[in-house]
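The structure is shown first, and the description follows.

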Amino acid sequence: MGLSRRAAIVASGRVATTGSILVVNALLARAWAPDLFGQFSTIWVLGNTLVPFFLMGIPGALLYALPRRESPQRGALLVRSTVVLAASALVLCLVLWIASPLIALSVDGLTAAQLGDSLISFLPYVFCLVAGGHIEAALVASGRPMWQAVIAWLGAVVLIGSASGAYVFNWSVELTFAALSAAGLARLLIAYVALGRVGRARGPNVGMSDFLRYAITIGASEGVGSLSRSVDRLVVLLFLDPSRMGIYHLGAIEVPVSLVLASLVTVMVPEVSRLMAAGDIDQVADLFRTAVVRLSWLILPLFFYLFVFTDDVMRLYLPPAYGDSANVFRCFLLMLPLRCAIYNPILVGSGRANWALFGSLADLVVNTMLSVGLVLWLREAHPSLAMLGPAVATVSATYLQVLVLLLAISHLLSRSVRHLLPWAHLLRVSAFAAATATGAYWVLSALIHGAGTRLLLGSVIMVCGAWGMPALLFREDRREITALLRAVVRPERGS
């Protein structure tokens, strides 16, 4: 099975997982007032921010290590990893419970009793995130991406069903967390069954100490990255009214294209690991450039489409009480073009996970300083814009981090940044996408009043203008788009 097809299968599972979270947020925003949804968002963000730390980098390390192990060692490594993560999940639950009084003191409007009741219901869900956090990587690295996708879709259905109960029957925050935890436990049990089919033999010594040392380096990088991605929300929580937390959280949503990126990361790390072990740096550079070209055909048109049609998107997604989320969403969209390239897989797959860690640490420091500084300044000078301060800080810090990572990859692959990225291609795709999105919005706004109809017709126009026109005018683009579609719909030969 080719790399692009594997990425597409993994992406479908990632789309299901994060798509279900978006649906859950939309349902709960309609079920609760902003202050109650803010309480839910506070607990959700606090729990999920810590999960990558307690995964200890084991999922990423499995992507690196499993392709280099013989079959008996793979089974032993998976069994030991499962035990380690189950113990780590229990430690995380204990940490959250012990820290709950301190958290309640730091957040206005949230009492220790409220937090304690919600945590009791939420902790099983957090346990499942950590205890089963390695299963997706294990299935993909073991050549079973379809299993991963099926498990993700089953989990998504159960998760949406739990939130639907809260929306229909007006459940409390505590009861909703209990339903989400039940859904997480059901998914974990199914995932464990699938993992047992992959590797359950004891096998010889697998060098667990060396594996964990490398995994912890990856885990530190991912944990710091998670904290950096959440620091803006934490700043909103600490320095602004708690009801603004839910509004900000809904605007700072994950665009589904990041799931395609994460899926490509999942299947690229084993490939990069194999090529680097063979000393084939030229092939790694070609793989990086090919990924940029293929991702850009999806990401750049989607960026311009969403940026131009943001108001219509948010009107459909959220009720009027959360209208301020649109500006936050538009700020976060500015990071989307950066996702045309993949960075950490090259470093992790080549054994330089510590480089990614240093980049994440720098991003965290810059993001924290900018977020706090901007929110304090805007809170006094322009109160209506204060909520945008952390969003602007996150975007700025991310651009700086990407620049550093590009320079590191350029050094690693002995390629200048000018030769590493297909700049002419990126500019051409951007030009067609920007012109199409702007023209479509201008025409449709004059002719059609319904947001849903505008979005539907706008998406059709975007496909025709951003994909169809370049394919008609440029032979190279036509060849790339055809190759991309063929790679997704049927297996490739070779890579």
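In helix H14, the buried residues are Ser325, Ala326, Val328, Phe329, Cys331, Phe332 and Leu333. The model is a predicted one. H14 spans residues 325-333 and is mostly covered, with seven of its nine residues buried. The cover over these buried residues includes helix H9 (208-239), H10, helix H12 (281-308), helix H13 (310-317) and helix H17 (388-413).

**Overall make-up**

The protein contains 21 helices and zero strands. Of its 495 residues, 54% are buried.

**Two helix pairs**

Two packed helices are described by the angle between their axes and the distance between the axes. The table gives both values for two pairs.

| Pair | Angle between axes | Distance between axes |
|---|---|---|
| H2 and H10 | about 70 degrees | 6 Å |
| H12 and H17 | about 145 degrees | 10 Å |

H12 and H17, which pack at about 145 degrees, are both among the helices that cover H14. On the H12 side, their contact is made by Ile281, Val284, Ala285 and Phe288, and on the H17 side by Leu406, Ile409 and Leu413. By class, this contact has seven nonpolar residues, no polar ones and no charged ones.

Leu412 is also found in H17. Leu412 counts as buried because its relative accessibility is 9%, under the 20% cut-off. Between Leu412 and Ala285 there are 127 positions in sequence, while their C-alpha atoms are 9.7 Å apart in space.

The other pair joins H2 (residues 34-55) to H10 (residues 243-251). Because the angle is about 70 degrees, H2 and H10 are roughly perpendicular to each other. The crossing of H2 past H10 is left-handed. From H2, the residues in contact are Pro34, Asp35, Phe37, Gly38, Ser41, Thr42, Trp44 and Val45; from H10, they are Ser243, Met245, Gly246, His249 and Leu250. By class, six of the residues in this contact are nonpolar, six are polar and one is charged.

**Helix H19**

H19 covers residues 423-447, which makes 25 residues, and its first and last C-alpha atoms are 36 Å apart, close to the 36 Å expected at 1.5 Å a residue. Which residues of H19 are buried? They are His425, Leu426, Arg428, Val429, Ser430, Phe432, Ala433, Thr436, Ala437, Ala440 and Leu444. An α-helix has 3.6 residues a turn, so residues three or four places apart point the same way. The buried set of H19 includes Phe432, Thr436, Ala440 and Leu444.

Val231 counts as buried because its relative accessibility is 8%. Leaving aside residues up to four places away in sequence, Val231 touches Asn367, Thr368 and Ser371. Val231 and Val365 are separated by 134 residues in sequence, and their C-alpha atoms lie 9.9 Å apart.

Ser181 is found in helix H8 (residues 173-198). Is Ser181 buried or exposed? Ser181 counts as buried, because its relative accessibility is 3%. With residues up to four places away in sequence left out, Ser181 touches Ser121, Phe122, Pro124 and Tyr125.

Notes
Residues are numbered from 1 along each chain as its sequence is written. This is a predicted model: local features need pLDDT of at least 70, side-chain atom pairs count only at pLDDT 80 or more; totals for chains, interfaces and linings use all residues. Side-chain values use heavy atoms; hydrogens and water are left out. Axes are lines fitted to C-alpha atoms, for helices over the stretch in contact, and angles run from 0 to 180 degrees between N-to-C directions. Helices (H or I, at least four residues) and strands (E, at least two) are DSSP runs, numbered from the N terminus. Angles under 35 degrees count as roughly parallel, over 145 as roughly antiparallel, 65 to 115 as roughly perpendicular and the rest as oblique. A crossing is left-handed if the near helix is turned anticlockwise from the far one by less than a right angle, and right-handed if clockwise. Contact means heavy atoms within 4.5 Å. Ala, Val, Leu, Ile, Met, Phe, Trp, Tyr, Cys and Pro count as nonpolar, Asp, Glu, Lys and Arg as charged, and the others, Gly among them, as polar. The expected span of a helix is 1.5 Å times one less than its number of residues. Buried means under 20% relative accessible area, exposed over 50%, partly exposed in between (1.4 Å probe, protein chains only).
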